[in-house]
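Let us go through this structure by question and answer. Have the sequence and the 3D view open.

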Amino acid sequence: MIRRKLKDLIRGFFVVFREYRGETTGMIGLSLIISMIILALLAPSLAPETNQKWDNVDRWRDLPGGAPPFWMNYFSSTSKARHQVKNEPDSLSSESVITTLVYNYQFDSDLPPKDIIFYVKGKYTSDRPTLIASLIRPGGEKVQLATRDIQGTEGEDGYTFETRLTMFGGSQQRTKVHRFAKEYEEGSTPDPSEIDVTRTAFAKAQDGMLSRTEPLNGEYKIELLLVGPGTELTNSRAIFTGRVYGLMGTDGTGHNIARGWIWGARYGLILGLSVAAGTVIIALIFGMTSAYYGGWVDELMQRLNEIVMGIPTLPILVVVATLWGRSIWFVIFIMTLLYWRGIAKTIRARGLQIRQNTYVEAGEALGASGARIIRGHMIPQMLPYAFAEAALMVPMAIIAAAGLHVLGLGDPTVVTWGTMLSEANSAGATIRGMWWWVLLPGLGITLLGFGFISAGMAVERIVNPKMKQE
Amino acid sequence: MPARVKYLVFRTFQALITLGIVVLILSSLFNSMSEEQLQTRIRQTVTARVRNSTELQQLSDEELKEWRENEIGKLRDRWGLDQPVWQRIFMDAWDRMKLDFGQSYMMTAPGGSRQVMDIILSRLPRTILLFTTAAVIYVLLGLIVGLKAAQVAGGKLDRFLSIFGMTSSSMPMWWLGMLAILIFAYQLGWFPSTALPLPQTTGLDYYLGVLYRLALPLGTIVFNIFGARAWVTRNIVTDVLQDDYIMAARAKGIPERKVIYGHTLRTAAPPVVTSALLSLLMSIGGAMITEVIFNWPGIGLLTRVAILQGDIPVVMGVMFITSAIYIFGYLVADLLYGLLDPRVEVGTSQSMR
Amino acid sequence: MANPVLDVRNLTTHYFTRKGEVQALDDASFGLDKGESLGVAGESGCGKSTMAFSLINQVQPPGRVVEGEVNIDGINSVQLSETETRKKVRWKRISMVFQGAMDILTPVYTVGHQMKEPLHYHQGITGDEAREKCEKYLGEVGLDREIFTRYPHELSGGQKQRVIIATSLLLEPAVLIADEPTTSLDVVVEAQIMNLLKRLKKELGISMIFITHDLSILSEVSNKLSIMYAGKFAELGDAERIYNNPKHPYTEKLLASIPRLHKDVKRLERIPGAPPNLVDPPSGCRFHPRCPYAEKVCQEEEPEPRGVEGRKVACHFAGEVT
């Protein structure tokens, strides 16, 4: 019995799908949904540690802040340095108390990296070593930039240390670069705080080096000296933070937008599909019961539905989030509790039609109970309608939930497209021209929404031929 | 006619019930939460009084303790904490229904009043200005474009509209606002990216200044909604155009203009008008968030600021007003349908959606 | 036929659909004198309604009149522009009573509003004068005057049909087309409407084209009869003669398939097969796949209408087989 019904259901699905294949926008929508689902499923492996550590500044500090996507280079006349990580130094030599590491950097774009960050790991026996970083320009000029006294933690045999050094990060470095470049300036020199440090450091040594920089391409060497007796280097890494970064760039605090985006797809789908599934189940039960029993039951349920229709969603969501907490599950719960109303109306109207069908009567004559008739006969017929309505529900839920983020009521424990957009808004991404930060997350909402809307409309056109064009 | 009056009374009653339910929900959410907060506030108030009064500071410890307890009790009475929760919920709901929203925690109206109602009233006209202007534009634009598309069903405009309608309605309105700022404020520099500060001039200059600040949010709302509106209009009109009486009207030799703007539009009017009104209500949320994006000082921005400052009475007040507008807008849409369609004697919700 | 009111020549109308060109009406020619009435019969989909709408040059897109003339009262409606057709032909020279099953009256306007429209746009008559005229015709079709202020949904099917008949008479057109006016009305109302039309024809001397799939009612109202099959005229001529002595095999079959009052028929026949697809109609005679008398020539050559016993019959064996 159940197997036969399941078979019927599957057959019905294929009948609809065969027609569905003819719907161009519907097929586009479906492929959008499927790609998003795949992305969402892969989120933990494609973008590990993203969701949990979104608010952890340390997780993102090695990424450049506010870097546009790398492909912008193809549309721009000035090419910008890409992000580069070197896990090994190009040369490593040790001479008594000095360990010398050299990283080569081939600079062939118009804009140099934003900064260079080193991670140096090692151990020492007793005297604290010093780390000195210098930039050797193609012409051979050497600019000593950063120094750091290393503080390790005591272990069994001596001290171990892991230190992070930013080459251009501090005001000291700024002054040093400024001092180096000032020699070449002929006119007035801007204040150290006004210069772009790396641009000057990677510029042709000529007049205007501080303001009208011209890039000096060629091979740069970055020399790291680790000075101290009994010091041993175990590991080192250099990060040349890019002026452009990754597929989607980074936001103001250095979050990799692509990673957040993938999680946005995941939470968007979780939210949208949960709400859709929940509302459809409630609506099916409500609408079918109402249509099946008719009479005063129907009357009462319709009045109830009308009352629920009149309840605005946003205020309830806002108040719940303000007072009770901002969990995404609250949002799903409230939306499910309210959004079933419209679907229930459609379902009831269709249910009234199906009720006329002979075999519901036949079922009644055979003595099947009300609930069994609804389950067995009416619900399977309603499923395509319910599916179409549910599909239209998804974008509505996602947009509303994203709006809560902008109002300052988003769930802080998850990364959604709304999270990113609200951060973009707070950080003034729009007036800073960081279009990728604004455009891409919103595009996610739009694509997913378009996918569901076009799929839903296609199904609706199939099951409800009156809506067909022509 | 009596049937219509009966229906009006019934629907109004139903709307009031809905409003009552919503307010009860809001009030119970509010009360179950705010007890703790109120306790803290009362304690703070009393402590502040002790700190500011040299008289009290001269009392002995025991006397002071007694005074404090007395004072806390008084304040608890005043805030109604001595009453059971359900009673507080009902009192609170009743106050709200009387449009008494109490005092804000810290926000003030321009005149310095801490009455939530005054704060909201100082912001509401700006929201209404933005929202209704946008609504008028997108309803008209949607009507014109939808009608044009329906006249050549399957034509270029029609096909474009179906894609445009689908795409624009899958975009969050406020996101479009952000893009608008990027393009028209940051890139092109035609309009300001923020509505604040409002112009300080008077007369014509003031209105031009307001219009200048209004342009982007207005354009955003219109762009977001009119596509879907036009699409809905197009569908309704296409349905009507296929009806036999349109063919009959044409056979009568009536000018095409009259067939379209008379017979067709008049027949399509009830669902077109009702759905326009409903979409207006649906867009309240989006429009409020759009205010935040543009810093338009209406109730949307007020909500955001109140949330950030934790000024719960203000949040509650705004949400009550929004709910009331929504519920009565819904009622009006329903009644309007009956008024516009002679076939519907009472203006029924059954025939909508 | 010295000076016919309506003279139709080679009227051809096709629908240009995605699946191909539907040849819904092919090469129809006939004339109609003053006071004469023509009955058009055939199965559904044979092009009867298409012909009706072709006459007022108002074929629903994607259909279009591709060829032919419709001379009415001295003008050829097919050649006129849309505006001119609207002003000179529709309702003024040819008015129409539509299928009873249709929603012919705009639901949001009162009956009066819709009746006054043709008077307003064709003759510039408005206000009380228009109202008087409308009420006069409402009386003519046996309706109460107060119907004028009613909305369509307040009327019964029969009342609506009377309203549209009254409206169709307002401008005193030369020709009135009645396109299945009694479909979906119940039998009593059907008889009433038919009697009304018969009376109006007699009293007003109006020329009528009466379209139906129900042959049995045609003999009463029309003196000429045309039988249509697959977009073409099979037989055209005096109603009485065709009715009693069909010369086209299709006419014969069609008559045999309906119950008749005056003849003793043992059993009703059915025509085997189905009407052809008009995107790709059969070669030669379009009826040949279903015709019991069909021979090779029927497949190959399209029969020209030929005069047999005072009528035109489009059959290679007209008069020979039946």
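This is a predicted model: local features need pLDDT of at least 70, side-chain atom pairs count only at pLDDT 80 or more; totals for chains, interfaces and linings use all residues.

Tutor: Residues are numbered from 1 along each chain as its sequence is written, with chains lettered from A and ligands numbered from 1 in the order in which they are written.

Student: Into which domains is chain A divided?

Tutor: The bounds come from an automatic or database domain assignment. The centres of the two, taken over C-alpha atoms, are separated by 53 Å. They are domain 1 (2–57 + 256–469) and domain 2 (79–241).

Student: What radius of gyration does chain A have?

Tutor: The C-alpha atoms fill a box of roughly 100 × 55 × 45 Å along the principal axes. The globule rule, 2.2 Å times the number of residues to the power 0.38, is compared with a radius taken over C-alpha atoms. A compact globule of 470 residues would be near 23 Å, but chain A has 31 Å.

Student: Which element gives the largest share of the side of chain B that touches chain C?

Tutor: Contact means C-beta atoms, placed from the backbone, within 7 Å. Chain B supplies 17 residues and chain C 22. On the chain B side, α9 (244–251) and α10 (256–282) each give two or more residues; helices are DSSP runs (H or I, at least four residues), numbered from the N terminus. The largest share, six residues, comes from α9(B).

Key:
Two residues are in contact if their C-beta atoms, placed from the backbone, lie within 7 Å.
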